[in-house]
Amino acid sequence: MTARAPIERLPTGISGFDDIAGGGLPKGRPALVTGTTGSGKTFFAIEFLARGIQLFGQPGVFVTAEETADSIRRSAASVGFDVEAWEREGRWAFVDASPLDGEEAPVRTVGAYDFGALMARIDHAIRRSEARRVAFDSFSSIIGRFDDVGVMRRELVQIVAGLKSLGVTLVLTSERSDEYDGISRYGVEEFVLDNVVVLRNVLRDERRRRTVEIVKFRGLPHRTGEWLFTIDPREGFVVIPLGVARPPTRASTVRVSTGNAGLDEMVGGGLFKDAIALLTGPAGVGKTLTGLNFACGAGTDERCLYCTFDETRDQLVRDAAGWGLDLDAMEAAGRLRVFADSPESASPEEHFMHLRHAVADYAPSRLVIDTLSSLERVVSTRSLLDFVIALTTLVRDREITTLITAAYTGQSPPGGPPSGGIDIARVTDVTIMLRYVERIGDIQRAIAVLQARGSGHDHAIRQVTIDDAGMHIGDPLPRVAHVLSGSAALTEQPPWPAAPDAAVREPAGGTGAAGGEQAGP
């Protein structure tokens, strides 16, 4: 018995989609792309053809059954695709399958619509342009002309068989009426077609969240579940998280400074160049100052992109000046670019795309996100996780040393999420915590390194002081307890038995957050 040839895949070229699709759509087979109004079906069809021309030199045919060719050209132009130029070059062809006057009403017989003539026109366009891809938008407007489900299914089988015989890979869009109730409007398309992709445009907590799900690829594996996507004016249809199928291919052994000599010692001599560090702490404990020191890089010539969701650029410049850091001069020298945005101004996927564009344009070697927790005000836990995973993929691929700050409210269990949300530490390399330490009449600061992958690190909880010259990391605090739980305090006795020859030292003097008094016994 002769073995069947394996099913080939056709890369779509759509950013992130081929990762979740296992390499692309099944080659030479029709795929149904279904979704509600505004879910992105037409853009998916446009991008499928456009990327085929741009990336693979494969001409395409766009069959439009609802919108005019001019409307499709304008939609394509909004994301940078010059369809008119491709038409002149013979690489893009339109076939108008919109109904004629008087054909809008449902019919019971095939005679009211000449499918044979439509197939002949599509076949002619494919041969003339030597197309390898066809997009049919919207397929439901064609089969919707029949009000009998039996007739609809029979005609759908014949139409799909006719399109399949043309030897091209097809994307056929179809409408659905509900985000989570059924696959298609008429309930027959998904049974006739071997491959089904569902786009959703869900309204949750007063914000839209677009997702893509591959329901089935008959005979081929693919990633399951919903994946966040956006339609970006610069990059078009982008599935997030990016690179889910691409683990890091290398690991850097080069170390770079955190911008604070004391912290460098605590993490084992600085951060690895491709490391992602997470810094957690409550408001006012020194997260932004640590981020600014990291951005300055201890006087190096490295470029840093500083993204703040908490402050405006002018506020950040003013704060930095209080510690003797001149951000204006750094920007003028090309060593710094500040990206300030309000969490409420965009969706998490849009924030990510803004960051991705800034990284592509500026090519930084360092990145600061201050503070990630601000996004929790406007996004779901799943959306924030998508953002973090996409961000880690972006910076690891480029070996961008990254510092992410996150708030700590004291509500989480030891080792848990920094602010009751996702456990970001699971996808980062280094975890550092800054905490307040309470004692009678005084509040001090403490710092500790919880993890540093691939490196030895200081296990002590050390005192931190902040003055006009910046942040200083001092001696260990031997009598501090409950730091991980968020209720740190200096105890009267050491929380563990002291070694026989070891003397218990008092904490070094420092500036307290509440008044700057010298620490006593």
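Cys-307 is buried in this predicted model, with a relative accessible area of 0%, and Cys-296 is buried too, with a relative accessible area of 12%. The disulfide count for the structure comes to zero, and for Cys-296 the nearest cysteine sulfur belongs to Cys-304, at 8.3 Å. Because a disulfide requires two cysteine sulfur atoms within 2.5 Å, that distance of 8.3 Å leaves Cys-296 in no disulfide. The points below turn to the nonpolar cores, the aromatic rings and the backbone.

**Nonpolar cores**

- The largest nonpolar core holds 37 residues, of which Phe-17, Phe-62, Trp-92 and Val-212 touch the most other members. Helix H2, spanning residues 41–56, supplies the largest share of this core, with seven residues.
- Once its neighbours within four places in sequence are set aside, Trp-92 is in contact with Ile-46, Leu-49, Ala-50, Ile-53, Gly-60, Phe-62, Ile-72, Val-83, Trp-86 and Glu-87.
- Trp-92 has a relative accessibility of 3%, so this residue counts as buried.

**Aromatic pairs and the ring cluster**

- Nine aromatic pairs are found when the whole structure is searched. One of these pairs joins Phe-81 to Trp-86 in a tilted arrangement, with 6.2 Å from centre to centre and 35° between the planes.
- Both partners of that pair count as buried, Phe-81 at 3% relative accessibility and Trp-86 at 8%.
- Trp-92 and Phe-94 also form a tilted aromatic pair, in which the centres lie 5.9 Å apart and the angle between the planes is 55°. Phe-94 counts as buried at 18% relative accessibility, because the limit for that class is under 20%.
- Which residues do ring pairs link into a cluster? The cluster consists of Phe-62, Phe-81, Trp-86, Trp-92 and Phe-94, and two of these residues, Phe-62 and Trp-92, are also among those that touch the most other members of the largest core.

**Arginines over ring faces**

- Arg-255 is placed over the face of Phe-272, at 4.2 Å from the centre of the ring.

**Cis peptide bonds**

- The peptide bond that runs from Asp-137 to Ser-138 is cis, with omega near 0°. Ser-138 is located in the loop between strand S6 (133–137) and helix H6 (140–143).
- Asp-370 and Thr-371 are likewise joined by a cis peptide bond, for which omega is about -5°. Thr-371 has its place in the loop between strand S17 (366–370) and helix H14 (381–397).

- Glu-130, a residue other than glycine, has a positive phi near 55°, and its place is in the loop between helix H5 (115–129) and S6.
- Glu-399 also has a positive phi near 55°, and this residue sits in the loop between H14 and strand S18 (401–407).
- Are these two glutamates buried or exposed? Glu-130 counts as exposed at 61% relative accessibility, whereas Glu-399 counts as buried at 18%.

Key. Residues numbered from 1 in each chain as written. Predicted model: local features only at pLDDT ≥ 70, side-chain atom pairs only at ≥ 80, totals over all residues. Heavy atoms only, no water. Core = buried A, V, L, I, M, F, W, Y, C linked by side-chain atoms within 4.5 Å. Buried < 20%, exposed > 50% of the residue type's maximum accessible area, 1.4 Å probe, protein only. Helix = DSSP H or I, 4+ residues; strand = E, 2+ residues; numbered from the N terminus. Contact = heavy atoms within 4.5 Å. Phe/Tyr/Trp six-rings, centres within 6.5 Å; stacked < 30°, edge-to-face > 60°. Lys NZ or Arg CZ within 6 Å of the ring centre and 35° of its normal.
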